[in-house]
Amino acid sequence: MSSFFLPAITLWQRELVRFWRQKSRVLGVVASPLVFWLLIGYGSNDLARFYSGALVLTVMFSAIFSTISIIEDRREGFLLSMLVSPAPRTSMVLGKIAGSATLAWIQGLIFLCFAPLAGVRVDLVELIPIAAAIFLISFTLTGLGFVIAWRMDSTSGFHAIMNLLLVPMWMVSGSLFPMATAHGFVKWIMWVNPLTYSISLLNFTLHLPNATPGPMESLIVTAAFGLVLLLLSGVMAAQKATRSAA
Amino acid sequence: MIQVQNLTHRYGDRVALSKVSFEVKKGEIFGLLGPNGGGKSTLFRILSTMMVPTEGTVTLAGHDVVRAPAAVRRQVGVVFQTQSLDKALTVEENLRAQGHLHGLSGALLTGRMQAAMEKLGLSDRRKDLVETLSGGLRRRIEIAKALLHKPQVLLMDEASTGLDPAARRDLSRHVESLRSEEGVTILLTSHILEEADRCDRLVLLHQGSIVAQGSPQELRSRIGGDVVVLETGDSASLAAGIEQRFGIKPAARDGQVRVEIPNGHRFIAEVVEAFPGAIQSVGLHKPTLEDVFVRETGASIE
């Protein structure tokens, strides 16, 4: 039992220690969504409408930065020694995803401090479901980042995927315009986009408008998406390599 | 301790290793010597269970690398060519994390960490962040890290890359004491002759195949006597001239003619006399592993 959890906990802890020692990273992750949000929000005189989207973008940036490091870390870094240790690959995946998700969550919580600007008032009790929702979204996006990064040879490939897949996925998730007003095929894309359900979940917990699809549906889809990505990450990492992993 | 049988590996159509077989005995320091691209890295990745070979079998400490990678990993310590340390963590934190990967914890791990740091002269640096340390120290941390779980076999990939000669000698000293004091079997890859010379036995790898194996002494003794290297403008015609006149077959390469011959000093006098003006410089040395490699493959190691 300890041979499964000890490596996972160690990896998780490593992410936190590294993060604490490089605190300026927070600025890089939180600053750009904050600027986007303030510009678009003030410009359209509707800060509340774009708040959840900006928070999810913060979480997404953090998740991407953490998982992109897998690519380098595996060739030249700590992950290399994990690959030749007897620790199960699944425990490594769990530790890495939990660690990166925790960082994304912390940065999401930092962004939450700007909620009053959007006119959101949060009671202390309400913080619990909000924090839980942000954690679930962090976990999901980290899982997505892991699945993409694991097979990648270079960080430039990841950047391409980020621009062609992740950012567009965010754009049509209800972050910029609600599903109700979407046109044509984009509406269909929004309907199958798991991120739509994440935004809706946040809107619901923050009492912001456009909390559609409904809360139960949003919760189930987000959680299921996260679970599928976690399983997929585990399966991918456990595969034997005939080419070199590093 | 290590058995490699008929090992072949292909990346798509490209053959990286072809029918490689050798055996390493317990307590040996064994070298894989060859130029970059010769197959060393592929072989290393297979030995360290990072990659599954196309054909052939490898057993380490009695376990098959393909069928029982977890068992192999428990008995093997790996030192990579690239860094495998977390630079944002201290020496101690790196070692502790590594111990946890092997399921070690508590007083047992602390004891192992102290012993490893002492052995590699890292004790006074244990609180330092890795990013503040020199290349030589980092290598020693890598070794300390690889030894925490008391492996029977230590695999080292180009471990002295990027180190200055002093740090390299220091590293060799540590490796030697691991073998003599702990009985660890060591397999290392290198393209540095001086390092290969300190191995008990070695194989020369070229284009994925073993071209020679034995102790450095045995390999060198394949060349009788001395090696004479003549620098010249036209190596082909000088080589032909020497063959005709002395009845020996020299190896000609761009601008160089190499002759293996007993009593090289006498030959030098005669050859310079025989081809006045054709020779720009003359060198004489006892056979090195480089000479053996050139003789077997026609190519150079470095």
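The dialogue below asks how terms apply to this predicted model.

Tutor: The model is predicted, so local features need pLDDT of at least 70 and side-chain atom pairs pLDDT 80 or more, while totals for chains, interfaces and linings use all residues. Residues are numbered from 1 along each chain as its sequence is written, with chains lettered from A in the order in which they are written.

Student: Why is A:V56 called buried?

Tutor: A residue is buried if 20 or more other C-beta atoms, placed from the backbone, lie within 10 Å of its own, exposed if 12 or fewer, and partly exposed in between. A:V56 has 26 other C-beta atoms within 10 Å, so A:V56 is buried.

Student: Which residues is A:V56 in contact with, leaving aside neighbours within four places in sequence?

Tutor: Contact requires C-beta atoms, placed from the backbone, within 7 Å. On that basis the partners include A:I137, A:W170, A:L195 and A:L202.

Student: What makes a nonpolar core, and which residues touch the most other members of the largest one?

Tutor: A nonpolar core is a set of buried Ala, Val, Leu, Ile, Met, Phe, Trp, Tyr and Cys residues joined through C-beta atoms within 7 Å. The largest has 134 residues, and A:V56, A:M60, B:L155 and B:I186 touch the most other members. Helix α3 of chain A (residues 47-75) gives the most to this core, with 13 residues; helices are DSSP runs of H or I, at least four residues, and strands are runs of E, at least two, numbered from the N terminus.

Student: How do you know that the span of α1(A) is close to the expected one?

Tutor: The expected span is 1.5 Å times one less than the number of residues. Helix α1 of chain A (residues 2-21) has 20 residues, and the expected 28 Å stands against 27 Å from its first C-alpha to its last.

Student: What does α1(A) give to the side of chain A that touches chain B?

Tutor: There, 29 residues of chain A are in contact with 27 residues of chain B. α1(A) gives the most to the side of chain A, with 9 residues.

Student: Why are β6 and β10 of chain B said to stand at the edges?

Tutor: Two strands pair if DSSP finds at least two bridges between them. The open sheet has 6 strands in the order β6-β7-β8-β3-β9-β10 (chain B), with mixed pairing. β6 (76-79) and β10 (209-214) of chain B each have a single partner strand, so one side of each is left without a neighbour in the sheet.

Student: How many bridges join β6(B) and β7(B), and in which sense?

Tutor: β6(B) pairs with β7(B) (residues 153-157) in the parallel sense over 4 bridges. In this pairing B:V79 stands opposite B:M156.

Methods. Two residues are in contact if their C-beta atoms, placed from the backbone, lie within 7 Å.
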